[in-house]
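Me: I am new to this structure and would like to learn how to read its features. Could you walk me through a few of them?

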Amino acid sequence: MRTLTRASRAVTGSGAKRLIDDRVLLEAKRLPVHTDLPATAVGERIGFPGPTAFTRFFRQRAGETPAGFRNRARGGPRRPGKV
């Protein structure tokens, strides 16, 4: 794993885990916008063991829940007090 991390860091400036997490997040954002799959199905398709793990991952990296992201990305109504 160190060799992979060194190689990815040399090319991109980020470690292997970060690159993988970024790619998983990209797919986790793409699916809710372009499909009607529920968040649990998105998480399963990406390989998360359960909906809690997927939601936690998404929230930590995207700053919002998968449902909130889908609503915002599709131009849904904003909640009062949110910008």
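Me: Let's start with Glu27: what is its relative accessible area, and how is it classed?

Reply: Buried means under 20% relative accessible area, exposed over 50%, and partly exposed in between (1.4 Å probe, protein chains only). Glu27 has a relative accessible area of 21%, so it is partly exposed. A word on the source: this is a predicted model, where local features need pLDDT of at least 70, side-chain atom pairs count only at pLDDT 80 or more, and totals for chains, interfaces and linings use all residues. Residues are numbered from 1 along each chain as its sequence is written, and side-chain values use heavy atoms, leaving out hydrogens and water.

Me: Which side chain meets Glu27 in a salt bridge?

Reply: Side chains of opposite charge can pair when their charged atoms come close. A salt bridge is a side-chain nitrogen of Lys or Arg within 4 Å of a carboxyl oxygen of Asp or Glu. Here the partner is Arg30, at 2.8 Å, N to O. Arg30 is partly exposed too, at 39%.

Me: How many salt bridges does the structure hold?

Reply: Seven. Among them is the one between Asp21 and Lys17, at 2.9 Å, N to O.

Me: Where do Asp21 and Lys17 lie?

Reply: Both are in helix H2, four residues apart, about one turn of the helix. Helices (H or I, at least four residues) are DSSP runs, numbered from the N terminus. Asp21 counts as buried because its relative accessibility is 11%, whereas Lys17, at 53%, counts as exposed.

Terms used
Helices (H or I, at least four residues) and strands (E, at least two) are DSSP runs, numbered from the N terminus.
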